[in-house]
Amino acid sequence: MKKLLFLISLLLSAATFAADSFLPLSFEAQFTQIYISAKSGAEKKSTGVLQYKYPGRIYFEVKEPDQVLFISNLERSWYYTPPPIPGESGEVTISKSTDNPLLKFLDSLKSGLKNGKLYNVVEEKNKVQLTFHEQPRKDIGINQAQMFFGKAINFSDLQELLLVYPSGKRVTFKLTKINTKPAFKDESFVFKIPENTRISR
């Protein structure tokens with residue numbers, strides 16, 4: 001009997017680990033970001049690279065059409081706009097902490113794809129929908145997330161992420177070239193301010 005209970009305990013522990021281990025400790029991916037402009041109603045697209053390390057570390061670089069860089073770690077965040085013309089000044093805004101919803105959302109995925117304190121989960125074929133509870137919705141800044149997968153529901157096969165914000169804004173991230181075992185160093189999430197850069201805090 002004791003042996004049977006021990007085996008059941010192991011199986012339950014394995015299931016819990018599988019649910020909680022959906023989010024890799026770190027990953028890197030290329031993205032296309034798509035949203036509808038509130039002013040014109042036109043579809044807007046941007047492309048770039050996303051790097052993430054749990055917890056609270058992100059490198060988010062938009063390369064086209066306009067260059068923008070956002071870097072954050074557990075202590076500080078930087079929002080950098082390079083100079084429009086070489087030789088002119090770029091600008092960086094430095095904050096002690098970040099309210100970036102994408103970063104908070106990624107951190108929340110450590111809870112796994114299961115109902116819990118943060119959100120309810122609905123899974124159907126190659127789609128998973130997360131609906132956040134009232135308080136986490138306020139804290140994270142996301143109402144709902146929809147994730148679309150290829151052949152299997154695992155992070156390395158995530159193809160598209162749709163985030164729905166409290167304002168009703170919907171932003172889609174199409175992900176490619178996901179690497180779930182990048183070798184990030186701590187300095188990967190620290191911005192080195194270029195010379196001739198205006199600094200605001």
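Author: The largest cavity holds about 60 Å³ of space. Please keep in mind that this is a predicted model.

Reader: How many cavities of 30 Å³ or more are there?

Author: The count comes to one cavity of 30 Å³ or more.

Reader: Which residues line the largest cavity?

Author: The lining consists of Leu50, Leu102, Phe105, Leu106, Leu109, Met147, Phe155, Leu158, Leu161, Phe173 and Leu175. Two or more of the lining residues come from each of α2 (101-108), β10 (158-164) and β11 (170-179).

Reader: Which element gives the most to that lining?

Author: Helix α2 does, with three residues.

Reader: Let us move to the pockets. What is the volume of the largest pocket?

Author: The largest pocket contains about 540 Å³ of space. Its lining is made up of 19 residues, and those nearest the centre of the pocket are Gln33, Ser46, Phe60, Val62 and Tyr79.

Reader: Which elements give two or more residues to the lining of the largest pocket?

Author: They are β1 (26-36), β2 (43-53), β3 (57-64), β4 (68-72), α2 and β11. The largest share comes from β2, which gives three residues.

Reader: What about the classes of residue in the lining of the largest pocket?

Author: Twelve are nonpolar, three are polar and four are charged.

Reader: How much space is in the second largest pocket, and what lines it?

Author: The second largest pocket has a volume of about 170 Å³. Its lining residues are Arg57, Asn73, Leu74, Glu75, Arg76, Trp78, Asp186, Phe189 and Val190. By class, four of these are nonpolar, one is polar and four are charged.

Reader: Now for the charged pairs. How many salt bridges are found in the whole structure?

Author: A search of the whole structure gives three salt bridges. One of them joins the side chains of Glu91 and Arg198, at 3.3 Å from N to O.

Reader: How accessible are Glu91 and Arg198?

Author: Glu91 is partly exposed, at 35% relative accessibility. Arg198 is partly exposed too, with a relative accessible area of 45%.

Reader: What does Asp99 form a salt bridge with?

Author: Asp99 pairs with Lys104, and their closest N and O atoms are 3.6 Å apart. Asp99 has a relative accessible area of 64% and is exposed, whereas Lys104, at 25% relative accessibility, counts as partly exposed.

Reader: Which residue does Lys138 pair with?

Author: Lys138 forms a salt bridge with Glu134, with 3.6 Å between the closest N and O atoms.

Reader: Where do Lys138 and Glu134 lie, and are they buried or exposed?

Author: Both are in helix α3 (residues 134-140), four residues apart, which is about one turn of the helix. Lys138 and Glu134 are both exposed.

Terms used. Residues numbered from 1 in each chain as written. Predicted model: local features only at pLDDT ≥ 70, side-chain atom pairs only at ≥ 80, totals over all residues. Heavy atoms only, no water. Salt bridge = Lys/Arg side-chain N within 4 Å of Asp/Glu carboxyl O. Buried < 20%, exposed > 50% of the residue type's maximum accessible area, 1.4 Å probe, protein only. 1 Å grid on protein atoms, 1.4 Å probe; cavity = no way out; pocket = protein on both sides within 12 Å on 5 of 7 lines; lining within 4 Å. Points joined across faces, edges and corners; volume = space filled by probe spheres on them. Nonpolar A, V, L, I, M, F, W, Y, C, P; charged D, E, K, R; others polar.
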